[in-house]
Amino acid sequence: MAKVVPDAGLNEGLNYDTNFNRVAVCAGQPTSFADIAARALCTATIAAPTLGAGSPDGRQSNYAAANNIVIATSGTADHIAYYENAGTRYVVTTCASTALTANGSNTVSVAAGSRRIGAVS
């Protein structure tokens, strides 16, 4: 007998981040929702993630890219946080360690990303 979790069940696990409309480029890993603000080198508003088929399987939340975000604070970026504008929910991922310099016009871009829940095996 096969193991099955329907797409609707996998989507429930991804519904956690359906209201994430902000992205922050951070120096260090935020350890709480409040810590995002303390570690953010820059932030931007993004479209809420969309649910879709996972690759290679399962389901995933797809995050929009954020381009030309003005760097507000100098530091070494090594984490990206996606979060709600008002709330307590967030997820964090790593990025290539990159020195960012704030001078009022320097910018950074965050590529589109995703969070996947794989199919049951």
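This is a predicted model: local features need pLDDT of at least 70, side-chain atom pairs count only at pLDDT 80 or more; totals for chains, interfaces and linings use all residues.
Q: Which residue stands opposite Q60?
A: Q60 faces R116, a residue in β9. Strand β4, residues 59-63, pairs with β9 in the antiparallel sense, over five bridges.

Q: Which helix packs on the sheet, and which strands does it touch?
A: Helix α1, residues 7-14, packs there and touches β3, β4 and β9. The direction of α1 makes about 40° with that of β4.

Q: In what order do the three strands of the open sheet come?
A: The order is β3-β4-β9, with antiparallel pairing. The edge strands, β3 (50-53) and β9 (113-117), each pair on one side only. On average, neighbouring strands of this sheet are turned by 30° against each other, direction ignored.

Q: Changing topic: how many aromatic pairs are there?
A: The count comes to three aromatic pairs. One of them joins F33 and Y83 in an edge-to-face arrangement, at 6.0 Å centre to centre and 80° between the planes. F33 belongs to helix α2 (residues 33-39) and Y83 to strand β6 (residues 75-84), so the pair ties together parts that are 50 residues apart in sequence.

Q: Is Y83 buried or exposed?
A: Y83 is buried, at 9% relative accessible area, whereas F33 is partly exposed, at 23%.

Q: Why does the pair of Y63 and Y82 count as stacked?
A: The ring centres of Y63 and Y82 are 4.0 Å apart and the planes meet at 15°; planes under 30 degrees apart count as stacked.

Q: Where do Y63 and Y82 lie?
A: Y63 lies in strand β4 and Y82 in strand β6, so this pair links parts that are 19 residues apart in sequence. Y63 is buried at 4% relative accessibility, and Y82 is buried at 6%.

Conventions:
Residues are numbered from 1 along each chain as its sequence is written. Side-chain values use heavy atoms; hydrogens and water are left out. Two strands pair if DSSP finds at least two bridges between them. Helices (H or I, at least four residues) and strands (E, at least two) are DSSP runs, numbered from the N terminus. Axes are lines fitted to C-alpha atoms, for helices over the stretch in contact, and angles run from 0 to 180 degrees between N-to-C directions. Contact means heavy atoms within 4.5 Å. Rings of Phe, Tyr and Trp (its six-membered ring) pair if their centres lie within 6.5 Å; planes under 30 degrees apart count as stacked, over 60 as edge-to-face and the rest as tilted. Buried means under 20% relative accessible area, exposed over 50%, partly exposed in between (1.4 Å probe, protein chains only).
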